[in-house]
Amino acid sequence: MVAFDEAFRRQLRELFVWRRDVRRFRPDPLPSGAMERLIEIACLSPSVGLSQPWRFVIVEDNARRSAVVEDFRACNADALHSYSGERAARYASLKLAGLEEAPGHLAVFADKTNDMGHRLGRATMPDAVEYSVAAAICCMWLSARADGIGLGWVSILNPARIHEVLEVPESWKFIGYLCVGYPQKEFDRPELERANWEYRRSAKEFTTRR
């Protein structure tokens with residue numbers, strides 16, 4: 001068994017602390033092969049029944065990128081209308097995507113009809129397919145941060161429209177759209193906490209014993 005020492009464990013915790021959902025990117029291009037290396041790391045993630053249901057689409061075409069930006073703007077405007085008063089004003093002030101600045105765009109899907117793993121573990125919890133893909137994104141996120149690369153997960157999008165724009169199979173469920181690039185600045189606190197939208201709470205608040 002590979003042993004990891006205390007110094008490694010401390011550094012690993014620091015990596016968790018400094019992982020951010022990045023919205024503000026520098027225009028610097030990513031190194032050649034950087035996106036592919038992050039996808040390789042994501043594919044090391046655990047998956048239900050070893051089904052490996054993740055599907056990655058590197059979005060390079062400018063017209064498709066522009067269509068995604070337009071969909072975000074429409075969905076973001078709809079989301080703003082769901083708030084009122086001071087909360088609406090605060091929402092309007094938030095920067096919730098780096099789609100126009102990030103040099104890398106990556107759409108991530110879960111293949112719901114994938115037969116790899118022979119459907120082990122999915123009869124009782126079919127959503128474990130999507131959970132597996134979310135775990136892969138988290139592994140990618142941490143690996144990116146270790147390389148000094150920022151990643152922002154955009155969820156304010158219409159899944160049906162993303163399917164249409166990217167022309168992917170209907171059986172692929174949209175999980176997230178990732179902006180990838182070098183962050184303008186680095187912080188050890190989430191941007192939404194710095195903007196007083198919400199604050200990070202103690203693990204004790206989410207833990208129950210039975």
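**Entry 1: Glu191 and its partner**

I looked up Glu191 first, and its relative accessibility is 17%, so it counts as buried. Worth noting beside that number: the model I'm reading is predicted. The side chain of Glu191 forms a salt bridge with that of Arg24, at 3.0 Å from N to O. Glu191 sits in helix 7 (residues 191-194) and Arg24 in the loop between helix 1 and helix 2, so this pair ties together parts that are 167 residues apart in sequence. Arg24 is partly exposed, its relative accessible area being 37%.

**Entry 2: other salt bridges**

I jotted down a reminder that side chains of opposite charge can pair when their charged atoms come close. The total I get is 18 salt bridges. I picked out Glu70 and Arg73, whose side chains meet at 2.6 Å, N to O. These two are three residues apart in helix 3, which means about one helical turn separates them. Glu70 is partly exposed at 45% relative accessibility, and Arg73 is partly exposed too, with 40%.

I also checked Arg201, which has a salt bridge with Glu198; their closest N and O atoms are 2.8 Å apart. Arg201 comes out at 34% relative accessibility, so I put it down as partly exposed. Glu198 is at 39% and is partly exposed as well. Looking for shared partners, I found that salt bridges join Arg24, Glu191 and Arg194 into one network.

**Entry 3: strand 2**

Is strand 2 buried or exposed? I went through residues 104-111 and found eight of the eight buried, so strand 2 is largely enclosed by the rest of the structure. Both of its faces are covered. On one side I have Gly104, Leu106, Val108 and Ala110, and on the other His105, Ala107, Phe109 and Asp111.

Which strands pair with strand 2? Strand 1 (residues 54-58) does, in the antiparallel sense over five bridges. Strand 4 (residues 172-181) also pairs with strand 2 in the antiparallel sense, over eight bridges.

**Entry 4: helix 5**

I did a length check on helix 5 (residues 128-146). Its 19 residues should span 27 Å at 1.5 Å a residue, and the end C-alpha atoms are 27 Å apart, which agrees. I listed its buried residues, among them Val129, Val133, Ile137, Met140 and Trp141. Glu130 and Arg145 are on that buried list too. The cover over these buried residues includes helix 1 (6-18), helix 2 (34-42), strand 1, strand 2, strand 3 (150-154) and strand 4. After helix 5 comes Gly148, with a positive phi near 80 degrees.

**Entry 5: nonpolar cores**

The largest nonpolar core has 29 residues, and Leu99, Phe109, Leu166 and Tyr177 touch the most other members. Helix 3 (62-81), strand 2, helix 6 (159-166) and strand 4 are the elements giving two or more residues to this core. Helix 3 gives the most, with five residues.

What does Leu166 contact, leaving aside neighbours within four places in sequence? I found Val57, Val59, Arg64, Ala107 and Phe109. Apart from this core lies another, of 26 residues, which includes Ala34, Leu106, Ala128 and Trp141. For context, I noted that nonpolar side chains tend to be buried together in soluble globular proteins.

Methods
Residues are numbered from 1 along each chain as its sequence is written. This is a predicted model: local features need pLDDT of at least 70, side-chain atom pairs count only at pLDDT 80 or more; totals for chains, interfaces and linings use all residues. Side-chain values use heavy atoms; hydrogens and water are left out. Buried means under 20% relative accessible area, exposed over 50%, partly exposed in between (1.4 Å probe, protein chains only). Helices (H or I, at least four residues) and strands (E, at least two) are DSSP runs, numbered from the N terminus. Two strands pair if DSSP finds at least two bridges between them. The expected span of a helix is 1.5 Å times one less than its number of residues. Contact means heavy atoms within 4.5 Å. A nonpolar core is a set of buried Ala, Val, Leu, Ile, Met, Phe, Trp, Tyr and Cys residues joined through side-chain atoms within 4.5 Å. A salt bridge is a side-chain nitrogen of Lys or Arg within 4 Å of a carboxyl oxygen of Asp or Glu.
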